[in-house]
Amino acid sequence: MGRGPSTTPPRRWRWLGGALLAAGGAALLADLWGRAAGWGALGPGDRRVPRVALTFDDGPGERTPELLAVLARRGARATFFVTAPAAARWPEGVRAIREAGHAVEAHGRWHLHALRLSPWREWAQVRWHPRAAEPGPHLYRPPYGGHSPLTRLLARLARRQVALWDVEGRDWTAAPAADLAAGVLAQVRPGSVVLLHDGPAVTPELLDRVLAGLRERGLTPVRLAELPPRPIGLREGLRRLRASYGR
Ligand SMILES: [Zn+2]
């Protein structure tokens, strides 16, 4: 007996649909787990120790000397997560950051979200580090904090530690420095890791105001490794999840 016309799609299309659904689900789960909750990545340090880490993503660039001048004037240390294209374009920026005693870590071979990279490009993305030839630890902050299902595995294989943050400076918005600084100082606590950027025009003034506020509150800005950052656990991850869907 021959088969009659069927309304269900051919088996291979059903299989493809299932595979796409599974891949989409895995990407969503990786994003929730990695970017929003950050479970297992490095996050804030001990909440009882009056230290905070200021971090600058996306540099170096034209703004770097201004940031270094503010940090020097206030006697503060910070950590710069640089990208490969920026480091290639401004090698003197990377040198100046290091000579001033700040830390340099990786923000990627390309400034792209992990889900826009093929697995082999993400491997190159995670592996690139401005101090790759020197002894570790080597930190990697994914652009946008973005995770693919492979990000953590690739980081582990490349011996990179994924480093996130708990306070956002929001210096990519058009808000004035005073408002942004008030926002940072309202959220910052002992152990906090503050996300700022090496690029926006507002950041040097924001940095100056934040450093003044930290001093008033007895919080010492240190390099991230000196915090030291701790793996994000269940509670901190849940707090991050709530915050990321609350705005
Ligand atoms: Zn970035």
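A crossing of two helices is called left-handed if the near helix is turned anticlockwise from the far one by less than a right angle, and right-handed if clockwise. In the structure described here, helix 7 passes helix 8 in a right-handed crossing, where helices (H or I, at least four residues) and strands (E, at least two) are DSSP runs numbered from the N terminus. The model is a predicted one, in which local features need pLDDT of at least 70 and side-chain atom pairs count only at pLDDT 80 or more, while totals for chains, interfaces and linings use all residues. Residues are numbered from 1 along each chain as its sequence is written.

The protein contains nine helices and ten strands, and its C-alpha trace spans about 90 × 35 × 35 Å along the principal axes. Of the 247 residues, 41% are buried, a residue being buried if 20 or more other C-beta atoms, placed from the backbone, lie within 10 Å of its own, exposed if 12 or fewer do, and partly exposed in between. Among the contacts with a separation of 6 or more, 81% are between residues 24 or more positions apart; two residues are in contact if their C-beta atoms, placed from the backbone, lie within 7 Å. An unreviewed UniProt entry places the feature "domain: NodB homology" at residues 50-222, although such annotations may be inferred rather than shown by experiment, and feature names are shortened while positions follow the numbering used here. The span of residues 50-222 is 38% helix and 18% strand, and its end C-alpha atoms lie 10 Å apart.

Two helix pairs were examined. The axes of helix 7 (residues 177-187) and helix 8 (residues 203-216) come within 9 Å and cross at roughly 40°, the axes being lines fitted to C-alpha atoms, for helices over the stretch in contact, with angles that run from 0 to 180 degrees between N-to-C directions. Helix 7 is therefore oblique to helix 8, since angles under 35 degrees count as roughly parallel, over 145 as roughly antiparallel, 65 to 115 as roughly perpendicular and the rest as oblique. In this contact A177, A178, L180, A181, V184 and L185 of helix 7 meet E205, L206, R209, V210 and G213 of helix 8. These residues divide into eight nonpolar, one polar and two charged, where Ala, Val, Leu, Ile, Met, Phe, Trp, Tyr, Cys and Pro count as nonpolar, Asp, Glu, Lys and Arg as charged, and the others, Gly among them, as polar.

For helix 2 (residues 64-73) and helix 4 (residues 91-99), the axes come within 10 Å and cross at roughly 10°, so that helix 2 is roughly parallel to helix 4. T64, P65 and L68 of helix 2 make the contact with G93, A96 and I97 of helix 4, giving four nonpolar, two polar and no charged residues.

Most residues other than glycine have a negative phi, and most peptide bonds are trans. Y144, in the loop between strand 5 (138-140) and helix 6 (151-157), has a positive phi near 65° and is partly exposed, with 15 other C-beta atoms within 10 Å.
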